[in-house]
Amino acid sequence: MASITTNTPANGSDKDPVSLFESHRRQMIRDRMVVNVTLGVLFIAFLLWSAWISRFTPDRLAAGLPRIMEYFGSVMPSLQWDVLFESRDEAGRFPPGSLGFWYNDFWKYIRLIWETIRMALTATLIGTGLAVILAFLAARNTTPAHWVGVAARRFLEFCRGVPEILFALVLVFAVGIGPLAGVIAIVIHATGALGKLSSEVVENASMRPVDGIKAVGGNWFEQMRYGILPQVMPNYTSYALWRFEINVRASAVVGFVGAGGIGAELSHVISFYSDDRVTAVLILIVLTVTMIDLLSERLRHALIGKESLK
Amino acid sequence: MLEFNDLTKAFHSTTAVKPATFTIPDGQMVGIIGRSGAGKSTLLRMINRLNEPTGGQMLFQGRDITALRGRELRQWRNECAMVFQQFNLVGRLNVITNVMSGRLFHHNFFSSMAGVFSEKERAFAIRALDRLGMAHTALQQTDTLSGGQMQRVAIARALVQEPRIMLADEPIASLDPLNAKVVMDALRAINQQDGLTVICNLHTLDTARQYCDRIIGMQEGVIVFDGTPKELTDKAAREIYGAEAEDAFSEAMTSTALRPGAQRAQPEVRVVN
């Protein structure tokens, strides 16, 4: 019996399977190389072009970086160790250099951060609800009519295509300054993003249960509610949690245009004081976002882990 | 009585079911046989309009089934229950909810969206499950069941519809011989005890011969045989199956015949729903 590792043709012809495979493989690598090199050259060309447009040059960077440092220097608190934990004096004031002085408005910040979280929570709940309904309309396998699907998909594209901050700007003008404008802005964007993801999940769901419900005389709503929803529920929950993380950050940002929450305060302290209050607010925002990210990640992994065990 | 007048189904370039005219009296158990692609499923799925006929007419007790729309169509589907090869249950719901979903036609929008079923419906569902020996699984998640168990749950769902006709699209094609026998026995019992018309797609001869009052043979969309099991001679069967005749005659695969050595290792059927 011939060893399978020898490189001689088994049947004496030059159509040896190994050399045939090798030549085929070399051809494939050569073909792929051409594509890769072309793409690489194009990428570098575009990179240089955009650097040129934005005047992203080393000397401007070198000039700008110290100024960033300078700004952070000016908003750093000047804490002094000897009075760090001092409480209020007789006049009810914290001595300069103490933590209390730095975080004089601590409870106001906490109230605003709590408002931001509630904005994100409200927006996530409403956005997920709308996204679930729109996903069934947008998914190609469940849409009641072709034109409905196309309309729903275009609508979702519009919702997620426009940044929250733009919606917030318009809505602050329409419904006034405050959290309502922010919540609506985030709802629109979250609906667009979640609706797209959810409709893809629906498109991957099995249609057999839908046939089953159709065969018992169920209408479209019942087909969705019983045939699809139980299949996609774990994914939806995971997506909603992930969107909540994003919405917390988003609701901090929309505050900049007056749409409520901690963002409004950050914008206020930056434009009016630019002193240690900026870092005070920033640190709280970063802490909150990190905590919520970690928590939601835990929850999501627990959820996905539970699913994958089945 | 279910009457078919030139019922046709044409896809873009092919005709899956060529004009079919026949009548099924109430209470008959009919087996439709033929090789795969013969149009059996299409014919069956046209009866409850999961597939739309492209021509001809279907009448049930004189009522034109092909013209039904909207709520009337859903009422007809509720009257003629269907059992599928892949069970088509909702795997992530529990067994009793799957069975109770057979009552959805009688629910209003809010109770069906909220998933609220009455005590009476629960009792009805449990009795249907009990009849098929599945009552003990009522609170289990459906995708933890085996194929044979799922098919029995699917039959229970069909039963709570209180149908007048039961359609079964290859009900035993995904089952091992023992489970296939349990399922076919259940369908036969429903036919004989409840007097339901049962129309069943089968791909093995002996099952059709053993359980059905009448056998309809299809070949490339045409009904080539219609008669009693006795009339279905080997010669007639060979004509129905054509080149696949030998497969159909070596009935060891998924038939209900439990012969020693007849059981072959079944590939595990994983149901993703």
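Of the 310 residues of chain A in this predicted model, 39% are buried, buried meaning a relative accessible area under 20%, exposed over 50% and partly exposed in between, with a 1.4 Å probe and protein chains only. Residues are numbered from 1 along each chain as its sequence is written, and chains are lettered from A and ligands numbered from 1 in the order in which they are written. Local features need pLDDT of at least 70 and side-chain atom pairs count only at pLDDT 80 or more, while totals for chains, interfaces and linings use all residues; side-chain values use heavy atoms, with hydrogens and water left out.

Chain A contains 11 helices and zero strands, helices (H or I, at least four residues) and strands (E, at least two) being DSSP runs numbered from the N terminus. The radius of gyration of chain A is 29 Å, whereas a compact globule of 310 residues would have a value near 19 Å; the radius is taken over C-alpha atoms, and the globule rule is 2.2 Å times the number of residues to the power 0.38. The C-alpha trace of chain A spans about 105 × 65 × 40 Å along its principal axes. Among contacts in chain A between residues at least 6 apart in sequence, 66% join residues at least 24 apart, a contact being heavy atoms within 4.5 Å. Chain A exposes about 18800 Å², of which carbon and sulfur atoms supply 69%; accessible areas come from the Shrake-Rupley method with a 1.4 Å probe, and for residues only the protein chains shown count as cover.

Over all chains, the structure holds 18 salt bridges, defined as a side-chain nitrogen of Lys or Arg within 4 Å of a carboxyl oxygen of Asp or Glu. One of them joins A:Glu203 to A:Arg140, with the closest N and O atoms 3.4 Å apart. This pair links distant parts of the chain, 63 residues apart: A:Glu203 lies in helix H7 (residues 179–204) of chain A, and A:Arg140 in the loop between helix H4 (106–138) and helix H5 (146–161) of chain A. A:Glu203 is partly exposed at 28% relative accessibility, whereas A:Arg140 is exposed at 57%.

In chain B, B:Glu52 and B:Arg49 form a salt bridge whose closest N and O atoms are 2.9 Å apart. B:Arg49 is buried, with a relative accessible area of 5%, while B:Glu52 is partly exposed at 36%. A further salt bridge connects B:Arg214 with B:Asp226 at a closest N and O separation of 2.8 Å. B:Arg214 belongs to strand E9 (residues 214–219) of chain B and B:Asp226 to strand E10 (residues 222–227) of chain B, so the pair ties together parts 12 residues apart in sequence. B:Arg214 is buried at 10% relative accessibility, and B:Asp226 is partly exposed at 38%. Salt bridges that share partners also join B:Arg63, B:Glu79 and B:Arg164 into one network.

E9(B) is mostly covered, five of its six residues being buried. E9(B) runs parallel to strand E3 (residues 29–33) of chain B, to which four bridges join it; two strands pair if DSSP finds at least two bridges between them. In this pairing, B:Gly31 has B:Ile215 of E9(B) as its bridge partner. E9(B) also pairs with E10(B), in the antiparallel sense and over five bridges, where B:Phe225 in E10(B) is the bridge partner of B:Gly217. E9(B) and E10(B) form a hairpin with two residues between them, and B:Glu220 in the turn has a positive phi of about 45°.
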